Amino acid sequence: MARRDYTIELENITPVITGIPFLKSLNFSLTNQKAANMDAMFNVKVNKLPVIASVFLLTKGKRRLNVFQMSVDICEALNNTAPNKFLSVFKDEMLRTSNIPKHCPLQENVLYSVRNYTVNDESYPPILPDATWQFEININNGNNKNLKTGIVKNYRSHSPDIKYIQ
């Protein structure tokens with residue numbers, strides 16, 4: 001197994017909630033640079049929850065370069081095997097640290113909590129450029145594509161052992 005010459009640290013989590021009628025509440029917090037918490041409650045029973053997940057590389061000039069994007073239904077992902085390694089890592093840790101069920105529906109007026117969701121460096125590729133990354137999730141109920149909740153997590157990888165040769 002390849003050795004990882006980096007660590008991933010959470011800098012911040014910024015929930016951006018815009019007009020989501022089926023979402024009663026959504027709160028995030030950081031426990032430390034490796035762990036995060038989330039609380040969510042829905043106004044209705046949720047059987048379908050389409051999500052667009054994106055990963056951005058932030059340049060020194062503060063530009064966001066989209067390096068990965070995928071659409072997935074959270075209910076389908078809970079019910080089935082995750083469609084890729086990245087989503088599988090996210091799902092496994094979320095289920096381990098939460099009261100979120102392994103299948104839908106997500107119930108109305110139930111507080112779903114994730115406590116100490118931990119970023120494990122070993123779960124990510126062995127080679128990751130020393131950079132700042134953003135992870136964004138846009139959620140909607142499938143009825144109105146303009147209703148979105150953006151969740152941005154900043155990750156910074158530190159690679160002290162890597163020497164760049166120019």
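Author: Helices (H or I, at least four residues) and strands (E, at least two) are DSSP runs, numbered from the N terminus. This model is predicted: local features need pLDDT of at least 70, side-chain atom pairs count only at pLDDT 80 or more, and totals for chains, interfaces and linings use all residues. Residues are numbered from 1 along each chain as its sequence is written, and side-chain values use heavy atoms, leaving out hydrogens and water.

Reader: How many disulfides are there, by the distance rule?

Author: A disulfide is a covalent bond between the sulfur atoms of two cysteines. The rule asks for a pair of cysteine sulfur atoms within 2.5 Å. Here that gives 1 disulfide. C75 pairs with C104, and their sulfur atoms are 2.0 Å apart. The S-S torsion of C75 and C104 is about -80°, so this disulfide is left-handed.

Reader: Which parts does the C75 and C104 pair tie together?

Author: C75 sits in helix α1 (residues 74–79), and C104 in the loop between α2 (85–96) and β6 (112–118), so the pair links parts 29 residues apart in sequence.

Reader: Are C75 and C104 buried or exposed?

Author: Buried means under 20% relative accessible area, exposed over 50%, partly exposed in between (1.4 Å probe, protein chains only). C75 and C104 are both buried.

Reader: What should I note at the peptide bond that joins C104 and P105?

Author: That bond is cis, with omega about 20°. P105 belongs to the loop between α2 and β6.

Reader: Which residues touch the most other members of the largest nonpolar core?

Author: A nonpolar core joins buried Ala, Val, Leu, Ile, Met, Phe, Trp, Tyr and Cys residues through side-chain atoms within 4.5 Å. The largest one here has 40 residues, and F42, M94, I100 and L106 touch the most other members. Helix α2 gives this core its largest share, 5 residues. Now take contacts in general (heavy atoms within 4.5 Å). Leaving out residues up to four places away in sequence, F42 touches F22, L23, K24, L49, L106, Q107, E108, N109 and Y112.

Reader: How many cavities of 30 Å³ or more does the structure hold?

Author: A cavity is a set of points, on a 1 Å grid over the protein atoms alone, where a 1.4 Å probe fits but cannot get out; lining residues have an atom within 4 Å of a point. The structure holds 2 cavities of 30 Å³ or more.

Reader: What lines the second largest cavity?

Author: The second largest cavity has about 80 Å³ of space. Its lining is I74, A77, L78, L87, F90, K91 and M94. The largest share, 4 residues, comes from α2.

Reader: Where is S113 found, and which residues does S113 touch?

Author: S113 lies in strand β6. At 15% relative accessible area, S113 is buried. Setting aside residues up to four places away in sequence, S113 touches M38, D39, T97, S98 and N99. S113 and N99 are 14 residues apart in sequence, yet 6.0 Å apart in space, C-alpha to C-alpha.

Reader: What is the phi of N109, and what is that of N116?

Author: N109 is not a glycine, yet has a positive phi of about 60°. N109 lies in the loop between α2 and β6, and is partly exposed at 40% relative accessible area. N116 also is not a glycine and has a positive phi of about 60°. N116 sits in strand β6. Its relative accessibility is 36%, so N116 counts as partly exposed.

Conventions: On a 1 Å grid over the protein atoms alone, a cavity is a set of points where a 1.4 Å probe fits but cannot get out, and a pocket is an open set with protein on both sides within 12 Å along at least five of seven lines; lining residues have an atom within 4 Å of a point. Grid points are joined across faces, edges and corners, and a volume is the space filled by probe spheres set on the points.
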